[in-house]
Amino acid sequence: MSNAENAGAAKRQPRARSRNGDARAAVIAAALKCFAARGYFGASMRDIAAEAEIALAGIYHHFASKQEILQAVMTMTIQDVFASTSASVQAISDDRPAEQLQALVRAWVEFHTVRQEDARVGASEVHCLEGEGRERVIALRDEQEALFVETIERGTRLGAFTTPYPREAARAILNMGIAVATWYKLDGDISPQGLAERYARLSLDMVGAIDAPR
């Protein structure tokens, strides 16, 4: 099982977390389910409390408002995916940009296949964020985009990629991965790793990779 699958399995067990006394994590996991099912404005604090199996008043020991919970959910999601994608790039030397890009795309797509609720909420509810929480999440999203841009730009500088549009290619690859969370089925005919591998190969075509391993 991949790191993304392990993380996904943990995310799908909020009640076990609550039994272990991690009430804050249980609230975040419950909120994620509620936001994914009903949207931020459609989910109430009472819905979140019921999903987490705690008293409504218990939520306020950890979060001052539903907005604060959303910020925690969104921050956790982007930090988790960035940790995975950045580690995938750092594991490969900078003189092998095609391999770096493939590893980056694999990590990105696997996250969006295994942690679909996180990914959907992260993509659809960002407009609901307010104040400093919104600024923090946007900054983290920009950091994730920059990782893709820098990887592709490095490949063009080294002559490994021929695309004249590295920034646009990065955004296209990012959005290609984000869309996976809207249609992929874990019980379908291709595994997360299999789909990630296909997308990694597609990404090489998008950047005009030369003599890249496939």
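The structure is a predicted model, in which local features need a pLDDT of at least 70 and side-chain atom pairs count only at pLDDT 80 or more, while totals for chains, interfaces and linings use all residues. Residues are numbered from 1 along each chain as its sequence is written, and side-chain values use heavy atoms, with hydrogens and water left out.

The chain contains 11 helices and zero strands; helices (H or I, at least four residues) and strands (E, at least two) are DSSP runs, numbered from the N terminus. Of the 214 residues, 49% are buried, where buried means under 20% relative accessible area, exposed over 50%, and partly exposed in between (1.4 Å probe, protein chains only). Contacts are defined by heavy atoms within 4.5 Å. Among contacts between residues at least 6 apart in sequence, 68% join residues at least 24 apart.

Confidence is expressed as pLDDT, the predictor's confidence in each residue, from 0 to 100. The chain averages 89, and 89% of the residues score at least 70. The highest confidence is in helix 7, at a mean of 97, and the lowest in helix 2 (residues 14–19), at 40. Over residues 5–21 pLDDT stays under 50, and the model has 25 contacts beyond four places in sequence for this stretch. Where pLDDT is low, the predicted coordinates should not be read in detail.

A nonpolar core is taken as a set of buried Ala, Val, Leu, Ile, Met, Phe, Trp, Tyr and Cys residues joined through side-chain atoms within 4.5 Å. The largest such core has 32 residues, of which Val105, Phe148, Ile152, Phe161 and Val207 touch the most other members. Two or more residues each come from helix 6 (66–90), helix 7 (97–114), helix 9 (131–157), helix 10 (166–183) and helix 11 (192–206). Helix 7 gives the most, with seven residues. Leaving aside residues up to four places away in sequence, Val105 touches Phe148, Ile173, Tyr199, Ala200 and Ser203. A second, separate core has 26 residues, among them Ala31, Ala43, Ile69 and Val126.

Helix 3 (residues 23–38) packs against helix 6 at an angle of about 90°, with the axes 10 Å apart. Axes are lines fitted to C-alpha atoms, for helices over the stretch in contact, and angles run from 0 to 180 degrees between N-to-C directions. Helix 3 is therefore roughly perpendicular to helix 6, a class that covers 65 to 115 degrees. Helix 3 contributes Arg24, Val27, Ile28, Ala31, Leu32 and Phe35 to the contact, and helix 6 contributes Lys66, Ile69, Leu70, Ala72, Val73 and Met76. Ser88 also lies in helix 6. Ser88 is buried, with a relative accessible area of 15%, and touches Ala103, Leu104 and Ala107, not counting residues up to four places away in sequence.

An unreviewed UniProt entry lists residues 44–63 as "DNA-binding region"; such annotations may be inferred rather than shown by experiment. Over residues 44–63 the chain is 60% helix and 0% strand, and the end C-alpha atoms are 14 Å apart. Glu53 is in the loop between helix 4 (45–52) and helix 5. The phi of Glu53 is near 60°, a positive value in a residue other than glycine. Most residues other than glycine have a negative phi. Glu53 counts as exposed, at 53% relative accessibility. Tyr60 is in the loop between helix 5 (56–59) and helix 6 and is partly exposed, with a relative accessible area of 45%. Tyr60 and Met45 are 15 residues apart in sequence and 9.7 Å apart in space, C-alpha to C-alpha.

Notes. Angles under 35 degrees count as roughly parallel, over 145 as roughly antiparallel, 65 to 115 as roughly perpendicular and the rest as oblique.
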